[in-house]
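This briefing is intended for a reader who wishes to inspect the model alongside its sequence. The points that follow are grouped by topic.

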Amino acid sequence: MSETTRALTDAQRRAVHELMRVSPVADELGRRFAAAGHELHLVGGSVRDALLGRLGDDLDFTTDALPEQTLRIIDGWAEAVWTTGQEFGTIGLARHGLRIEVTTFRADAYDRVSRNPIVRYGDNLVDDLRRRDFAVNAMAVSVPGHEFTDPYGGLNDLAERVLRTPGAPEDSFADDPLRMLRAARFAAQLRFSVAPEVRAAMAAMAGDLSRITAERIRDEFVKLMCGADPITGLRLLVDTGLAETFLPEVTGLKLEIDEHAQHKDVYEHTLIVVRNAIGHEADGPDFTLRMAALMHDVGKPATKAVGPDGGVSFHHHEVVGARLTKQRMKALKFPKDVISDVSELVMLHLRFYGYGRGEWTDSAVRRYVTDAGPLLTRLHSLTRSDVTTRNRRKAAQLAADYDALETRIARIAAEEDLARVRPDLDGNAIMELLGVPPGPVVGRAWRHLKELRLERGPLDRDEAEAELLRWAAAEGLTKP
């Protein structure tokens, strides 16, 4: 038995096992369609995932029934129905914990200017499958008959773990350029390779991605970054030129290596940091951490300088990198809180390197914790991930230094409420002591007391009041 044949057999066995789990609902739905004179097929990613042994609770079906006919067939059977996709031929429903979408056969036409198709209903399964993005997503299983349809070799591609398009990739990508980004996403999620002809078409047509809205690109990119192997997806984006169209800062990391300075390749270093960051995740994919790892050095190309002795420096690249990260993520329409968190991590990722062998005062440690705020755990992970030196002694020393910093943070946190460093007097106390109304003076006094809190740790009430009065006298607000 060949390796491919064995892989096919294993895939088919997994599919049977997976389909048996959902077949009571799927087959019952199929019988309702059959009784009404229509076909129903499990299709696309649902079949692919069943063959991979990872079928979830979201099932996709295709049918020759029109949407209004589908609504009549499921009336009284579905536990919930949604029709938000009806104009595109899709009816959604829920039954026994499964989320189901039923879409009428499609034979869409594309103007190849926008991504929006002219919705046309088809009249047969094979043509419907041909319009799908990749052959591994162009397989179907009828219900309740369980007949397998694979006109474009998706099962073989699945066994070989390769992505090919049902037709010519140039035609597929011209219809919908987002499919190029989906190829990189599936490579990251499924650890599949991309067929040479598909890869060549991606490189030739990368510029067509500009037809796609920022939101759709963002959503595919997030899925790629949260995949099992984002490094493979990222390399594909950079190598084909797709990254240049929506994430040029990453492509820009491929700095020329100066023969005198011989600094390390920042692009390769960045991919290692992303991989390291994944190893620090505790509760599944953390997009914020992974994105910060990807962007942490994007300020280096703009700040690269070669000194008289040939040494390379990137002074303040964290500041430039945070600004570039914020601009790029804003252009991709990320939520403001995500942009803020990622750019702040980029800004802070070098802070630890001033720690040295423990020369920081407790005040500096408080500031480190306060500046990181709720991002402290991620900052720990990012900082540790950024150590990619091959010098084992240096790597061990950096790890020991960070262990020592975390120990100090834990010690100070046990003594003080580091999670919420606030002045020892609140706004009401400030107004009462100074005899001032709400306004800028209260804010200035509050900030002064917070600086004291960071510098000296907690003050008792008498000390805090005395310091406030000294500050007020120096500011000319009260008599000394």
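**Sheet and covering helix**

Helix H3 (residues 67–74) lies across strand E2 (58–63), E3, E4 and strand E5 (98–104), and its direction makes an angle of about 15° with E4. The model is predicted. Its protein chain holds 23 helices and 13 strands, and 48% of the 480 residues count as buried. Among the contacts with a separation of 6 or more, 66% join residues 24 or more positions apart.

- Seven strands form an open sheet in the order E3-E4-E5-E2-E1-E8-E9, and the pairing is mixed.
- Strand E3 (80–82) and strand E9 (148–149) each have a single partner strand and stand at the edges, so one side of each has no neighbour in the sheet.
- E3 and strand E4 (residues 90–95) run antiparallel and are joined by three bridges; in this pair, Ala 80 stands opposite Ala 94 of E4.

- E1 pairs with E2 in the antiparallel sense over three bridges, with Leu 42 opposite Phe 61 in E2.
- E1 is also joined by three bridges to strand E8 (residues 140–142), again in an antiparallel arrangement; here Leu 42 stands opposite Val 141.

**Thr 103 in strand E5**

- Thr 103 is found in strand E5 and counts as buried because its relative accessibility is 14%, under the 20% limit.
- Apart from neighbours within four places in sequence, Thr 103 is in contact with Phe 61, Thr 62, Thr 63, Phe 88, Gly 89 and Thr 90.

**Backbone geometry in the loops**

- Most residues other than glycine have a negative phi, and most peptide bonds are trans.
- His 96 has a positive phi of about 50° although it is not a glycine; His 96 is placed in the loop between E4 and E5 and is exposed, with a relative accessible area of 53%.
- Arg 161, also a residue other than glycine, has a positive phi near 55°.
- Arg 161 lies in the loop between helix H5 (154–160) and strand E10 (162–163), where it is partly exposed at a relative accessible area of 36%.
- The peptide bond between Val 143 and Pro 144 is cis, with omega about 10°; Pro 144 belongs to the loop between E8 and E9.

**Nonpolar cores**

- The largest nonpolar core has 112 residues, of which Phe 221, Leu 237 and Leu 294 touch the most other members.
- Helix H7 (residues 178–190) supplies the largest share of this core, namely nine residues.
- A second, separate core has eleven residues, among them Ile 430, Met 431, Leu 449 and Leu 452.
- Leaving aside neighbours within four places in sequence, Phe 221 is in contact with Leu 181, Leu 234, Leu 237, Phe 246, Leu 247, Phe 287, Met 291, Leu 294 and Phe 334.

**Helix H9**

- Helix H9 (residues 214–225) comprises twelve residues and reaches 16 Å from its first C-alpha to its last, close to the 16 Å expected at 1.5 Å a residue.
- Its buried residues are Ala 214, Ile 217, Arg 218, Glu 220, Phe 221, Leu 224 and Met 225.
- The elements that cover these buried residues include H7, helix H10 (230–240), helix H11 (242–246), H14 and helix H16 (317–331).

**Confidence of the prediction**

- The protein chain has a mean pLDDT of 86, and 88% of its residues reach 70 or more.
- Among the elements of the chain, helix H14 (residues 287–295) has the highest mean pLDDT, at 98, whereas strand E6 (residues 109–110) has the lowest, at 62.
- The pLDDT is below 50 over residues 258–263, a stretch that has eleven contacts in the model beyond near neighbours in sequence.
- Where pLDDT is low, the predicted coordinates should not be read in detail.

Key:
Residues numbered from 1 in each chain as written. Predicted model: local features only at pLDDT ≥ 70, side-chain atom pairs only at ≥ 80, totals over all residues. Heavy atoms only, no water. Core = buried A, V, L, I, M, F, W, Y, C linked by side-chain atoms within 4.5 Å. Buried < 20%, exposed > 50% of the residue type's maximum accessible area, 1.4 Å probe, protein only. Helix = DSSP H or I, 4+ residues; strand = E, 2+ residues; numbered from the N terminus. Contact = heavy atoms within 4.5 Å. pLDDT = per-residue confidence, 0-100. Expected span 1.5 Å × (residues − 1). Pairing = 2+ DSSP bridges. Axes fitted to C-alpha atoms, helices over the stretch in contact; angles between N-to-C directions.
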